[in-house]
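Student: Here is a predicted model. I would like the reasoning behind some of the terms used to describe it.

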Amino acid sequence: MTPFSILDLSPIPQGATPADALANTVALAQHAEGLGYHRFWLAEHHNSTGIASAATAVLIGHVAGQTDRIRVGAGGIMLPNHAPLQVAEAFGTLATLYPGRIDLGVGRAPGTDPATMQALRRGLGGGDRFPEDVVELLGFLGPEQIGQRVRAVPGMGTNVPVWMLGSSLFGAQLAAHLGLPYAFASHFAPDMLGEAVAIYRDRFRPGVTDAPCFMLAVNLFAAASEDEARRMRSSMVQGFINLRRGMAGPLPAPVDDLKSVASAPEIKMAESALRVAAVGTPDQVETQLRDLITRYRPDEVLLTGHIFDQPARRESFAIGAQAMSRINADAR
């Protein structure tokens, strides 16, 4: 059985507001809970007019309060932007309010541009202390130690599950060294996926968990027809190209032909970066998900997809849930 979950950045479509995006996120989380999704994760990004999940812990609390069972967490918190004690207090509070439902994924990327890094009071070398910060964070969330002078209250003893996030070999090595579950950002940076997973599994030593636990991120665009699914996907492709142009903004409306809005090299670049994907009809999506699961043997699949039209977004994740349910039924 392979649990399946959702990663949402609370995207702000063109013509919409952050309030619209946050309402859409809550509606999607409620929809996901009814479809059998295991987790609903949100990601920290700053200074983006197209993403409304900047105050990630606040939004996690709101989503958890509007749902009943689904796990809610960060995919992730960019730890160099924060003091480990503050993160432990925030997520310890969430875990105290919503016992057994909160996850904390941590990464070392800034999640923003250099000017915003300074506004966050993040030093340019903030990522250099990342391994030490992770260990410190784990300590604040674990049981109280004899002689411990600084405590996270709430936080201490909550043992909030901490996941290592990564898009390179560094995160795989650190997750293996600390014995943490590991989620790879294959939905936008797949180049080192195979090597990173192999390193994580080969070098894993029991720590926080007893055995390796790997989560594979997959872009999902599912619809009644392949043409409709590819048109939905064009919004995310445009958004990725705009980001690389230094023109990040609201999620663009879909187009029938990407060549009308981007050059061939830009399209090729985006298609390569977003290639870990399941795109098409229900049957096509199921086949593609089966192939990815067979190839990478994930312990969990994390589905994501920036889709402009909200009913289409909910339908895409419904089709994804149906496909994963059939895959799991066949694995019994």
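Tutor: Start with the axes: they are lines fitted to C-alpha atoms, and angles run from 0 to 180 degrees between N-to-C directions. On that basis, the axes of helix H6 (residues 169-178) and helix H7 (residues 193-203) cross at roughly 15 degrees and come within 8 Å.

Student: Why is H6 called roughly parallel to H7?

Tutor: Angles under 35 degrees count as roughly parallel. The crossing is at roughly 15 degrees, so H6 is roughly parallel to H7. The hand of this crossing is right-handed.

Student: Which residues make the contact?

Tutor: H6 contributes Leu 169, Ala 172, Gln 173, Ala 175 and Ala 176, while H7 contributes Glu 195, Ala 196, Ile 199, Tyr 200 and Arg 203. By class, seven residues of the contact are nonpolar, one is polar and two are charged.

Student: What makes strand S7 largely enclosed by the rest of the structure?

Tutor: Buried means under 20% relative accessible area. Nine of the nine residues of S7 (residues 214-222) are buried, so the strand is largely enclosed. Phe 214, Leu 216, Val 218, Leu 220 and Ala 222 point one way, Met 215, Ala 217, Asn 219 and Phe 221 the other, and all are buried.

Student: How do you know that S7 pairs with strand S9 (residues 300-304)?

Tutor: Pairing needs at least two bridges. S7 and S9 have five, in the parallel sense; Val 218 has Leu 303 of S9 as its bridge partner. Strand S8 (residues 277-280) also pairs with S7 in the parallel sense, over four bridges, and Ala 278 of S8 is the bridge partner of Leu 220.

Terms used. Residues are numbered from 1 along each chain as its sequence is written. This is a predicted model: local features need pLDDT of at least 70, side-chain atom pairs count only at pLDDT 80 or more; totals for chains, interfaces and linings use all residues. Side-chain values use heavy atoms; hydrogens and water are left out. Helices (H or I, at least four residues) and strands (E, at least two) are DSSP runs, numbered from the N terminus. Angles under 35 degrees count as roughly parallel, over 145 as roughly antiparallel, 65 to 115 as roughly perpendicular and the rest as oblique. A crossing is left-handed if the near helix is turned anticlockwise from the far one by less than a right angle, and right-handed if clockwise. Contact means heavy atoms within 4.5 Å. Ala, Val, Leu, Ile, Met, Phe, Trp, Tyr, Cys and Pro count as nonpolar, Asp, Glu, Lys and Arg as charged, and the others, Gly among them, as polar. Buried means under 20% relative accessible area, exposed over 50%, partly exposed in between (1.4 Å probe, protein chains only).
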